[in-house]
Amino acid sequence: MKPAAFEYFAPRTVEQAVDLLAQHGDQAKVLAGGQSLVPLMNMRLARPAVIVDINRVDGLEYIVAAPAVLRIGALTRQRAAERSRLVAERCPLLRDALRLVGHVQIRNRGTVAGSIAHADPAAELTAVLTALDGEVVARGPGGTRVIAASDLFVTYLTTSLDPREIITEVRFPALPPGTGWSWMEIARRHGDFALAGVGVVLALGGGVITEARIALTGVGPTPVRATSAERLLTGRAPSEGLWADAAEAVRAAVDPDGDIHASAEYRRHVAGVLVQRALCEALTRVREAA
Amino acid sequence: MKLDGTNTLAAPIETVWTTLNDPEALRRCTPGLQELKEVGPDTYQATLTIGIAAVKGTYSGTLRITDKQPPRHYRIALEGSGGAGFMKGEGSVDLEPQGNGTLLRWSGDVQVGGLIAGVGQRMLGGVGKMLIGQFFKCLEQRLGSGT
């Protein structure tokens, strides 16, 4: 199929892009990698009147390691981030999750920021941003602002970004040395949207858990931070029994929808299973790092 | 696709019943409603533009209210179609007094077909429930300020 007719602009600077968005408001959509937007347009499920193509904007493609934070420019392709040495060293959770985003052809064009702005309820990168308490930098007609992950995701395909705002940078906190991590998801076929996915970060000190982060995707309209499970883990010594308790806490914290791909009961059950396995893998990595 | 929910409304059961049957309240509270025309007793023709984020479509169809048992119960039958798909559903609304207010229970069985049903299957139930939730939230606000 072909998209409905639209006006097309290819600004060369962020300012020009923001001006165009200010002019056209919610009639406009930003085009970066296009891996979510273009299929929707081709099927005419979305019919934006105006497309603001930012692929020719200079200075948005970068991965910079600041102290404790990885700064990723809005046009950085998912594949570039996946293969980046900086990402592998500073934020291997992000690298592992990136490997499971769609297929490599999608990752060659799709951008890290675009996936986050699109906010698919089964996306990997939104859950990683949530797990790490990351943030995005957004530029709009009112200027620049920073939005924390916990304030960003509103519901299915909806963020708190104003239609006239564009993400310029995504910031992922780096994993401190000695931290363990794990990303696991389940899908019917490789490359399918996750039926459930979990990202875990674990740190130990004095034989007990000093930090636990758990975020899930595919189990609700937005990524879920399993804070009750995290609290249950903190200060306790790791064990199989503890992982099982955390899995139950996660099951109690999620309210997934069922559909033809998987029932709500299945997603809830599998979310717990993935949490258990991910905590186990994260612990192995803590021990390897020591 | 089966959907259901409950809402507590801060108004007595008769007021809630009247509001639910008032086309003006339906016009104000139905998300994306472009047009609502009464074409017969308890039968309406409606045009809606609904969706989520960039995924929106315009649908037109018919809504019929049946089995009215004021002030506690009625059934709805609706069917509509648009560029991205079609739907056919029926549901029921049940009211019962709860304290000074009313407990509203709704449930429905909807069949959705066409492009939106195929491509959007993952989110259809959740978004549907959200839109229906918006409708009842709007009613809640109307009734809350009314008392």
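How many helices and strands does chain A have? Chain A has 12 helices and 14 strands, where helices (H or I, at least four residues) and strands (E, at least two) are DSSP runs numbered from the N terminus. With a radius of gyration of 19 Å, close to the 19 Å that the globule rule gives for 290 residues, chain A is as compact as a globular protein of that length; the radius is taken over C-alpha atoms, and the rule is 2.2 Å times the number of residues to the power 0.38. This is a predicted model, in which local features need pLDDT of at least 70, side-chain atom pairs count only at pLDDT 80 or more, and totals for chains, interfaces and linings use all residues. Residues are numbered from 1 along each chain as its sequence is written, while chains are lettered from A and ligands numbered from 1 in the order in which they are written.

Turning to the interior, 50% of the 290 residues of chain A count as buried, meaning that 20 or more other C-beta atoms, placed from the backbone, lie within 10 Å of the residue's own. The largest nonpolar core holds 99 residues; such a core is a set of buried Ala, Val, Leu, Ile, Met, Phe, Trp, Tyr and Cys residues joined through C-beta atoms within 7 Å. Leu202(A), Ile214(A), Leu216(A), Val250(A) and Val275(A) touch the most other members. Helix 12 (residues 264-289) of chain A gives the most to this core, with 8 residues. Leaving aside residues up to four places away in sequence, Val275(A) touches Val198(A), Ile214(A), Ala246(A), Ala247(A) and Val250(A). Another core, of 10 residues, lies apart from it and includes Leu9(B), Leu20(B), Cys29(B) and Leu139(B).

Helix 1 (residues 14-24) of chain A has Ala17(A), Val18(A), Leu20(A) and Leu21(A) as its buried residues. These cover an arc of only 160 degrees around the axis, which puts them on the same side of helix 1 of chain A; the arc is that of the directions from the helix axis to the C-beta atoms. Among the elements covering them are strand 1 (7-9), strand 2 (28-31) and strand 3 (50-53) of chain A. Gly25(A), with a positive phi near 55 degrees, follows the helix.

Finally, the interface: 16 residues of chain B are in contact with 20 residues of chain A, contact meaning C-beta atoms, placed from the backbone, within 7 Å. On the chain B side, helix 4 of chain B provides the largest share, 7 residues.

How values were computed. Buried ≥ 20, exposed ≤ 12 C-beta atoms within 10 Å, placed from the backbone. Contact = placed C-beta atoms within 7 Å.
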